[in-house]
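Here is a short briefing to read alongside your structure.

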Amino acid sequence: MLTEERHGMIIQRLQEKGVVKMQELTDLLGASESTVRRDLIDLESRNLLKRVHGGASLLPHKSQELGMEEKTFKNIQQKNSIARSAAAQLLDGECIYLDAGTTTLAMISHIDAKDVTVVTNGLSHIEELVRKEISSYLLGGMMKSHTKAVVGSIALQNMENFRFDKCFLGTNGVDAEMGYTTPDPEEALIKRRAHQLSGKTYVLADSSKFGEIAFAKLFDLREAVVITDTVPERLRQSIASKTKIIEG
């Protein structure tokens, strides 16, 4: 098994359980304790986890945003499924807004519509858009090194130059009462304005986001279409009563 694959499985298990023991990881990965220990040291040096006695922990709070590296390892299959479904909503010649984030980043490789123009606040997105030869604009403003997202008043001013047929946004929480939420109020402002400037809004959220509530509200559920891998059965009725759902 490649190092990157082991790292991805470690992060995935931590996201599921919060804390994992060394023995559990050696069994999961089929690797020696010394190999797993080196993996944990490497991941801790990248601020992806915290080593504790006999294992590791990953305990982000609702007001803390995971970084791009952390998100890259999380729910990979679900994100690719959502990305394909989102890209399928595009029509030839449309002008769209792509939010920063790993799910919207994954969407780019699936874009088959012709003559699409993209505006984004995601630094990572620009390289992929250029590689695909898609006409694109990067908002100016303050760059958040943690999430590689452009935010702030300058970015908001830049957005006033555009109008979008559709926008595709990420979220950290989808709740029937509290709507869509994210940890950072600065990013929430950008997402909300993109929504207001768009003819139609899609929110991309894997199943782990349902029932979660983060610090800053974007808008109510009814204001956007949710694209997801699946909605947890216990929440399906309450979510479906508030918004349209597209399941990949």
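The largest nonpolar core of this predicted model has 30 residues, and those with the most contacts inside it are Tyr97, Met159, Tyr180 and Ile239. A nonpolar core here is a set of buried Ala, Val, Leu, Ile, Met, Phe, Trp, Tyr and Cys residues joined through side-chain atoms within 4.5 Å, where buried means under 20% relative accessible area (1.4 Å probe, protein chains only).

**The cores**
- At least two residues of this core come from each of β8 (149-151), α8 (153-159), β9 (164-170), α9 (185-196), β13 (216-219) and α10 (233-240).
- Helices (H or I, at least four residues) and strands (E, at least two) are DSSP runs, numbered from the N terminus.
- Met159 is in contact with Tyr97, Leu139, Phe164, Ile190, Arg193, Ala194 and Leu197, leaving aside its neighbours within four places in sequence; contact means heavy atoms within 4.5 Å.
- Another core, of 23 residues, lies apart from it and includes Ile82, Ile96, Leu98 and Val118.

**Helix α7**
- His125, Ile126, Glu128 and Leu129 are buried in α7 (residues 123-131).
- Among the elements covering the buried residues of α7 are β4 (95-98), α6 (102-108), β5 (117-120) and β6 (135-138).
- Glu128 is in contact with Leu105, Ile108 and Ser109, again leaving aside neighbours within four places in sequence.
- Just after α7, Glu133 takes a positive phi of about 60°.

**Reading the numbers**
- Residues are numbered from 1 along each chain as its sequence is written, and side-chain values use heavy atoms, with hydrogens and water left out.
- As the model is predicted, local features need pLDDT of at least 70 and side-chain atom pairs count only at pLDDT 80 or more, while totals for chains, interfaces and linings use all residues.

Notes
Buried means under 20% relative accessible area, exposed over 50%, partly exposed in between (1.4 Å probe, protein chains only).
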